[in-house]
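Visitor: Can we go through this model together? I'd like to begin with how the chains meet.

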Amino acid sequence: MQSKNSKGALIPYVLWIALFVIAPIALVVYYSMLDLNGNFTLANYQKFFSPVYLKMTLSSFWYAFLITLFTLIFAYPTAYLLTKTKHKRLWLMLIIIPSWINLLLKTYAFIGIFGLYGPINAVIEVLGFDPTQILFTDFSFVFVSVYIFIPFMIIPIFNSLDKLNPTLVYAARDLGASSFITFRRVIFPLTVDGVKAGIQVTFIPALSLFMITRLIAGNQVITLGTAIEQQFLVSQNWGMGSTIAVFLIFFMVITMIFTGQKSKGGRV
Amino acid sequence: MKNLSATSKAYLVFVFVVLYAPILYLIFYSFNSGGTMNSFESFTLEHYKAVFEDSRLIVILLNTVIVALLSGLIATIIGTLGAIGIISVKNKKMRNTLLSLNNVLIVSPDVVIGASFLILFTMIGIKLGFASVLVSHVAFSVPIVVLMVLPKLLEMNTSLIDAARDLGATKRDVLVRVILPYISPGIFAGFFMAMTYSLDDFAVTFFVTGNGFSTLSVEIYSMARAGISLTVNAISGLVFFITVLVVVGYYFINSRSKSTGTEGHR
């Protein structure tokens, strides 16, 4: 009975889905099969499998992998130690605050920090080395990206560590497991869902970053995101841009499948 | 209370320093009378004055706030109705399909959303500018509102609705007097999140903003591409200050409502 009455509430929502979820994806797929003159063609796909684009895709994956790896390496211990502090919610809040500052402002800060006359180079000079160009290198790109993603990796890992029953850890220790074994056999497997969620929110955005590459990597690094932006807003080749977008969506789906959580028993 | 070892503490301090250093670095130099972020000459407020005297920047700031408020409001209405609608769908398959479609825009990369919206707006003839930015912000905020409201609806006891019905409430009464008050914390959280997303968004806006209309993120991007300008530092000082205020306020409201909700625990 009640369901019939509230079905009306679905109308604007379903319209939203049709117009902004289904239509855009359909349009991207459609445009990926158009050439510059609007003729139907599969040339864009052919072009994507040419060495230039394959190399770009591969390097984009490599950078995304590095970014995700370093983010995880720094975030996991942080999340773990946070759960051990007094007032852990407050400390978590303090970790989250920087993630609320506009991404561009934080990226902009690194233009100054990594600059030729910035504080890092000042330290390098004090140590007796020549100042080096840190900006516009692979290192600066990976560093800034890791910096941006760390809070987003910490949150899901913190939540899953927080839910972990401490008696399981005590049991493992009582049964003679070393702290490493305890971590590898008990803590990590029980928090792997948090890690997966963290990888999900890091890896996919890392594949599609474009403003950090533009501001920090000075066009040295080209990710799939940069290529899409380039094709759409600079070259005005929407067909090729859409083709890259189709592949990005495809890689996204694959990532989701690999890091997907088991359904929680149909509670919803 | 277990005490952390010295190394653990040092590691946490290290992480906090790294996370805050760039922001504090920006704010520090916003008071620099010299024109660079390298050598501090003397204390000045001229860059803050420049922000408030730059009428173009004020217009952009207003644009950003108006888009955030309006898109948050519209997305909250559509999203809340959507969540109520999803709950009413009893067919499990259908419901799961709706929920998966709901999540598409949350997990999609910004660049793809931006590019596909650009195609969409061009095809249906929406002029790029205020309208296209507002519509796309509404579009990517709706699923967030749904995800915030849905848990509240799920934990709601359906006998409340039955009781209201038995007491003679009309459909409208049930919605306005029973359901909406019950899920209002979720609705507020959804509105708040939608606004935050809107204020923060760069990539999608960058694609669908034409010439002439700009939000703060897009403006900062073009300023940063042009090189270092301490006006940006002053903006970040202001943004940081407001963010901390909002977060602290949110934290207090949250912990207060929690403590009144579970009196037994205090």
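Guide: Chain B and chain A bury about 7,400 Å² between them, with 81% of it on carbon and sulfur atoms. Buried area here is the accessible area (1.4 Å probe) that two parts lose on being put together, summed over both. This is a predicted model, in which local features need pLDDT of at least 70 and side-chain atom pairs count only at pLDDT 80 or more, while totals for chains, interfaces and linings use all residues. Residues are numbered from 1 along each chain as its sequence is written, chains are lettered from A and ligands numbered from 1 in the order in which they are written, and side-chain values use heavy atoms, with hydrogens and water left out.

Visitor: How many salt bridges between chain B and chain A?

Guide: The count is 0. A salt bridge is a side-chain nitrogen of Lys or Arg within 4 Å of a carboxyl oxygen of Asp or Glu. Over all chains the structure holds 5. One of the salt bridges joins the side chains of Asp162(A) and Lys88(A), at 2.8 Å, N to O. Asp162(A) lies in helix α8 (residues 138-163) of chain A and Lys88(A) in helix α5 (residues 88-100) of chain A, so the pair ties together parts that are 74 residues apart in sequence.

Visitor: How do α2(A) and α5(B) pack?

Guide: Helix α2 (residues 10-31) of chain A meets helix α5 (residues 110-124) of chain B at about 95 degrees, with the axes 9 Å apart. That makes α2(A) roughly perpendicular to α5(B), the label for angles of 65 to 115 degrees; under 35 is roughly parallel, over 145 roughly antiparallel and the rest oblique. Axes are lines fitted to C-alpha atoms, for helices over the stretch in contact, and angles run from 0 to 180 degrees between N-to-C directions.

Visitor: Which residues make the contact?

Guide: Among them are Leu19(A), Phe20(A) and Tyr31(A) of α2(A), and Phe117(B), Ile119(B) and Met123(B) of α5(B). By class, the contact has 12 nonpolar, 1 polar and no charged residues. Ala, Val, Leu, Ile, Met, Phe, Trp, Tyr, Cys and Pro count as nonpolar, Asp, Glu, Lys and Arg as charged, and the others, Gly among them, as polar.

Visitor: Now within chain B. How do α6(B) and α8(B) cross?

Guide: At roughly 150 degrees, and the axes of α6(B) and helix α8 (residues 171-200) come within 8 Å. The two are therefore roughly antiparallel. Their contact divides into 15 nonpolar, 5 polar and 2 charged residues.

Visitor: What about α3(B) and α6(B)?

Guide: Helix α3 (residues 55-88) and helix α6 (residues 130-155) of chain B pack at about 40 degrees, with axes 6 Å apart. They are therefore oblique to each other.

Visitor: Last one: how many helices and strands in chain A?

Guide: 14 helices and 0 strands, where helices (H or I, at least four residues) and strands (E, at least two) are DSSP runs numbered from the N terminus.

Note on methods
Contact means heavy atoms within 4.5 Å.
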